[in-house]
Amino acid sequence: MRFFSSNYMTHKNNQVMIKVSESASKRIVNMMTEEGFDATNDYVRVGVKSGGCSGLSYELKFDKEIGENDKVFEDNNVKIAVEKKSFLYLAGTVLEFSGGLNGKGFVFNNPNAQRTCGCGESFSL
């Protein structure tokens, strides 16, 4: 059993503050394995940076370590690391995956976003 630091965050009633859909979880676990990461020990780092057509854009990458200023969540067998400054923009977000011929790939359903671009990769508050 792996224990998390005090930064391991859940919401009241044990709801995770950043959720991962079942389809996104399956895709993430497969991608992590393909890239030499272990989904049981490693993390998906989710962040926000300036840029994109709406002002802010999402970042996704895999990481083996968490930082001192990270919040850590787990949902659907995926461990998520988010820097505190990005967390303010991402609280309540659901990460989903849309596959198939018309699929967009990973999609962020962010309740904090006032406006999103057509590609779904950037947003504004």
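Among contacts (heavy atoms within 4.5 Å) between residues at least 6 apart in sequence, 55% join residues at least 24 apart in this chain. The structure is a predicted model, in which local features need pLDDT of at least 70, side-chain atom pairs count only at pLDDT 80 or more, and totals for chains, interfaces and linings use all residues. Residues are numbered from 1 along each chain as its sequence is written, and side-chain values use heavy atoms, with hydrogens and water left out.

Begin with the whole chain displayed by secondary structure. Two helices and nine strands are present; these are DSSP runs numbered from the N terminus, with helices being H or I of at least four residues and strands E of at least two. Their order along the sequence is β-α-β-β-β-β-α-β-β-β-β.

Next, select residues 19-20, 94-98 and 105-109, which are β1, β6 and β7. These three strands make an open sheet of mixed pairing in the order β1-β6-β7. Because β1 and β7 stand at the edges with a single partner strand each, one side of each has no neighbour in the sheet. Strands pair if DSSP finds at least two bridges between them; β1 and β6 run parallel and are joined by two bridges. To view one of these, select K19 and its bridge partner in β6, V94.
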